[in-house]
Structures are given as structure tokens and as C-alpha cells.
Amino acid sequence: MSSSTTSGQGQGDDAPDLVCVADCVHGMVDALSCVRWNKHQGAVVELSEHGIVVTVEESGCLQAKVYLKTELFAEYDYGAEGRPRFGLSLGLLVDCLNMFTVPGFASPVEIRYPGPDMQLLLRSVGSPDACIHAEIRTRIPDTVAWDYHFEHAGNTPVTFTVKSAILKESIDDLEWPGSSIQIHFHPDPPSVIFKGEGHGDLEIEFSYYANTDLLIAFQCDQELSYRYKYKFLRATTSNVPSSVLKENRGSKVTIGRGGMLKIQHLVSVARLGTQSYHNFAGGAQQPSRIAFIEFFVKPEEDD
């Protein structure tokens, strides 16, 4: 069970596992929104000296992770032994963070765990006029059904980078109720074909030589083809905020051993709500503090 409140509570005498200050709340909200495909979605949060990892999954076939590394925070004081993990409502976390933002500005937020009743505590800092408090009740984390060790399909990674907005539009266009999507890699000529089947067939082809502005990068030394359930494939782009789709120059798609599909989005976040976005092909604009979002989709098994 999860809840939030606007009244703060005492912190207790024990040293917390984590106290950090986020001064890029808009970017954190965008990153977490990318993996929020279900209104009542739970998430597992893992803390470490390297940062915060938020993991969500569905049906043992779709998993997403948001990596919030220490450089995204103005302060990051980690005092736990090991790597504490807890479950919470992802929607509630996003909604609480949004309380600290207005268009064009976000108050720095202190994040503290655990509170006296194992809550995640949030508090605005840096404003002499007002202080906002929020708390999120946590729970014993669900067991992550699978934690796939991604391996490349061969000696050469099978991967391509495409503009994020184009990837989303293509996946949206392939929608058929209950359908599957086939992704076919051709090394020569270098191209990727997305094929959907329903009342008819629809193909979308990305040809590397035909439009390098569209297909930014391509690497493949073997022909590969796998099928993925449409609803899981769609979740990898359906909730990426429009601001990210508009400015982000590329999303990276890789097929690993056994057909495991990995899709990566990188979002650079600036202080106090000023954003710039990372380019897989050409580096990051300043400031280059990056939230890393990673999706894994299992292929459909042949009957």
C-alpha cells in the first residue's frame, strides 16, 4: 500500500541509508515517465554508492530500468551496507516529484531513505518562502522475475540507432490488436524491416544507405529475424515524453543472444528544469548529466 502526505515527520536517530539532493527534478520525472506504462504499476528501487536504479516489469516478458547515477544529484550521501531494495508505486513517485515542479522551474528536492516507518521521504530545499514535504510508503520488494545477462548474438553486435520520434511513429503505425511484430536485420544491403500482421501485412523498412539521417548507425554481420508481442514492443516508446522525442537524436536498438531485444534511450538532464538531450551518434550537449533508460523484451517462442 502506498500513500503521500504534505506533512513531514521526524527522521529518527539512526543514520539513513541515503540522503541526496536532486536539482534536476524535471529530468527525473521524464526518465521515470518513460517506463510508466501501467497506471497502477509497481517498481523496485535499488540503492547503491553508484546511484539509484528503478526496475519495472510485466508478465516476465518486458523489463525496464532507469539508471539515475550519482552525477545527476547535487549531493549524494550513501551510508548503507550492501544495496538496499524496496518496492513502491511508480505512479505515486512520479506524482510526488511533480509536486516540486512548475513550468520552467523545479525546486531542488532532498530524497531520504528510510524514514521512521521505512518511508521514502521527499522535501523541497533551497527556498526561504515555502517547504513542501512528501512521503511514500514502501513495501517489501517483489522478486524480479528475471534479470537477463544480455549477450550479443555473435562476434559483432547486431544493432542500429534511429531517431526516437521515428521509432515511436513506426511502432505506433504497426498496431494490430493482439498482433506480433517481426524485426528482420539484413546485413547486405544494410537495412532493418519491421513487419506487422493483422487483417493485412504492413512493413516499414529502414535502409541505412538510403537515409543516414534517419538510420543514424547500423551494425550487423548476419541475417536475423525475431517476433515480439506488439503490446510489449509498444511499451518501449509509448510513454516517452514528447519533449524527449522532439529533441533526442537517437534511440539504440540491439538484438542479443536468443533474440532478446534491448532498446536504450538516453536523456540528459540539466539543473532546475533546463534540459538538453543526448545523441547516441554524436555525443551530448552541455550540461551532460544523463539518465539512462533501458528496455528488455523477450521474443515470442515458436509454436
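**Notebook: a look through a predicted model**

I started with Asp213, which is exposed at a relative accessible area of 56%. (My cut-offs: buried is under 20% relative accessible area, exposed over 50%, partly exposed in between, with a 1.4 Å probe and protein chains only.) Asp213 sits in the loop between strand 15 (201-207) and strand 16 (215-219). Helices (H or I, at least four residues) and strands (E, at least two) are DSSP runs, numbered from the N terminus.

Residues are numbered from 1 along each chain as its sequence is written, and side-chain values use heavy atoms, leaving out hydrogens and water.

**Helix 3**

Which residues of helix 3 (residues 164-173) are buried? I found Ser164, Leu167, Lys168, Ser170 and Ile171. Down the helix axis they fall within an arc of 165 degrees, so they line one face of helix 3.

**Salt bridges**

I searched the whole structure and got nine salt bridges. (That means a side-chain nitrogen of Lys or Arg within 4 Å of a carboxyl oxygen of Asp or Glu.)

I looked at Arg123 next, which pairs with Glu110, their closest N and O atoms being 3.1 Å apart. Arg123 lies in strand 10 and Glu110 in strand 9 (residues 109-113), so this pair ties together parts 13 residues apart in sequence. Is each one buried or partly exposed? Arg123 is partly exposed at 29%, whereas Glu110 is buried at 11% relative accessibility.

Then I checked Arg257 and Glu151, with closest N and O atoms 3.0 Å apart. Arg257 is in the loop between strand 18 (251-255) and strand 19 (261-268), and Glu151 is in the loop between strand 11 and strand 12 (158-162), 106 residues apart. Arg257 is partly exposed at 45%, and Glu151 is partly exposed at 35%.

My last pair was Asp172 and Arg234, at 4.0 Å from N to O. Asp172 is in helix 3 and Arg234 in helix 4 (residues 230-235), 62 residues apart.

Definitions and conventions. Predicted model: local features only at pLDDT ≥ 70, side-chain atom pairs only at ≥ 80, totals over all residues. Arc of directions from axis to C-beta.
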